[in-house]
Amino acid sequence: MYDASLQSLESGVTQSAPQPAAELMQQADAVENRLGEVYEAAGVSKPTLPDDTHTTNQPQQVMAQTEKLVTMLQELPPSVKDSIGYDGVFNAFLSATMNGGNTQLAQTALDQARAGATDALKEPHLDAEAKAALQGLLAEIDSRRGVGDNVNKVTDDLNKDKAKKRSVNYSLVNVKHAVGSAKQAQSVLDGINPKYFNSDSRFGGGFYVGGDSVTIVAELAEHGNTAKYAISYDLNMNGQKVLDLTNSKIAAAWDFTPRLTSTNACQDIAEVAKAQGYNVIKFESYRGGGANYVVFNNFEEVLIPRIVTPID
Amino acid sequence: MDMISIKVRKEVVQCSKCKEPKSFLYLSDFTYGERLVFSNEGLPCAFARLSDDTTYLEYEKLVRQILWDKQLNISEEETLKLIIETFGITCDEINNCKVDFSQNQKKCSFCGSLNFDSKMIESETFITIELPLVSHNEWNKMDNMRKYNLACSMLIKNLGF
């Protein structure tokens, strides 16, 4: 329903209107961002619907079982919180509760916390306190495996698969890439090819996308190019290792200061990040208010094309 | 020689060794298939639009063929790096200089150091520069065997054996 409405809205931009398309796209972005805020405020993942087969209608039971775990998460040292993707994990627990005690979502949250903690333990220079906290967290997670089993039996493989597909939608972000011609748009849609990346870009060779149309149009305009088409993607952050340089603590840890750190230094940051397994970097847009992302690999999995919109 | 006028982002950073300022020029991060080519001195000397360049596709196929023929197993990432770094052999000379895609701008114009401070010393700005577009007239006159041999010797030199 959400996607259909959005698609219809964006189709309207392409087909109708005495209004300039750029203006309509700006409005579409505003509507989309507002919807995202509403979902975020509600603690609910955007297109995920409650799954009847996994719902207990007793959210407090799921939350009660994971209460200790959530407390442990909250008490983690800040540097470790960043490493395990604390916000995402915490929101996953919240989402499970908000979805009527959805046990599959709770299990997804546990899995997400486990993966984050396991990755964080591999970080070099981890101090003893952080290491102990992470090990305690992992032990707690293991003791909670199958959290939903005594609330609601979920054994059917098909249902699990369906639930997994729904949970994949947990971290979708709408982003855009602008091009100067129909030929370029077609080339990008045919498949993002690293042979066309520019290793001299801000974070080195990768595919760069922006959070809103205005920003990417402004970005190309600054360089004297006219954006002719905007390609919208769903950026699927689920399962990706994202270095979020819009988070001031993470940025400081990586010695990154927006608008001050040189491109040379950004490229060095990207090299280290890639060596540590990060495949997406999120950074503040220099031309607008939103965020930009650079994706280094797994393009088919990470970037799902949705619609191409001409820009007047 | 066709020229193109492009607007580039300019950053100024300090050389870590001699403390002299150095300007770095960049295309938009959002460009796809476009490159600035630099001289041995680290200055921009040409512009390439690879996404519209049929010779780039031809050269990619040729390199992959040679790697296959010579049974050279290198990763996809290394292959792409090899293709772009040696692509200059297909380009016409510009002002009597060979086009070399392996060159970059990370070299101090004063002391030759490759190390620079991590922070800019002034806000980034945009400037317009005019550069020649890379062309492939000489390459296009060659027969396939000549192209193969030329590319082969270039790859062997680049791979270090």
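Helices here are DSSP runs of H or I with at least four residues, strands are runs of E with at least two, and both are numbered from the N terminus. On that basis, chain B has four helices and five strands. This is a predicted model, where local features need pLDDT of at least 70, side-chain atom pairs count only at pLDDT 80 or more, and totals for chains, interfaces and linings use all residues. Residues are numbered from 1 along each chain as its sequence is written, while chains are lettered from A and ligands numbered from 1 in the order in which they are written.

**Chain B overall**

- Follow the sequence of chain B and you get the pattern β-β-β-β-α-α-β-α-α.
- Of the 161 residues in chain B, 29% are buried, meaning that 20 or more other C-beta atoms, placed from the backbone, lie within 10 Å of the residue's own.
- Take the contacts in chain B between residues at least 6 apart in sequence: 70% of them join residues at least 24 apart. Two residues count as in contact if their C-beta atoms, placed from the backbone, lie within 7 Å.

**The sheet in chain B**

- Chain B has an open sheet of three strands, ordered S2-S1-S5, with antiparallel pairing. Strands pair if DSSP finds at least two bridges between them.
- S2 (21-26) and S5 (116-132) of chain B are the edge strands with a single partner each, so one side of each has no neighbour in the sheet.
- From one strand to the next, the twist averages 30°.
- S1 (residues 3-15) of chain B runs antiparallel to S2(B), and six bridges join them. For Val13(B), the bridge partner in S2(B) is Lys22(B).

**Helix packing around H1(B)**

- The axes of H1 (residues 54-69) and H4 (residues 144-159) of chain B come within 10 Å and cross at roughly 70°. Axes are lines fitted to C-alpha atoms, for helices over the stretch in contact, and angles run from 0 to 180 degrees between N-to-C directions.
- H1(B) and H4(B) are therefore roughly perpendicular, the label for 65 to 115 degrees; under 35 is roughly parallel, over 145 roughly antiparallel and the rest oblique.
- Leu62(B), Val63(B) and Ile66(B) of H1(B) meet Lys147(B), Tyr148(B), Ala151(B), Cys152(B) and Leu155(B) of H4(B). That contact comprises seven nonpolar residues, no polar ones and one charged. Ala, Val, Leu, Ile, Met, Phe, Trp, Tyr, Cys and Pro count as nonpolar, Asp, Glu, Lys and Arg as charged, and the others, Gly among them, as polar.
- H1(B) also packs with H2 (residues 76-86) of chain B, at an angle of about 125° and with the axes 10 Å apart, so H1(B) and H2(B) are oblique to each other.
- Here Tyr59(B), Glu60(B), Val63(B) and Leu67(B) of H1(B) meet Thr79(B), Leu82(B) and Ile83(B) of H2(B). The classes are five nonpolar, one polar and one charged.

**Where chains A and B touch**

- Chain A puts 27 residues into the contact and chain B puts in 29 residues.
- On the chain A side, S1 (172-179), H9 (182-189), H10 (213-222) and H12 (263-275) each supply at least two residues. H10(A) gives the most, with four residues.
- That side of chain A has 10 nonpolar, 11 polar and six charged residues.

**Strand pairing in chain A**

- S4 (residues 242-244) and S5 (residues 280-284) of chain A pair in the parallel sense over three bridges, and Leu243(A) stands opposite Ile281(A).
- S5(A) and S6 (residues 291-295) of chain A run antiparallel, joined by five bridges, with Phe283(A) opposite Asn292(A).
- A hairpin of six residues links S5(A) to S6(A).

How values were computed: Buried ≥ 20, exposed ≤ 12 C-beta atoms within 10 Å, placed from the backbone.
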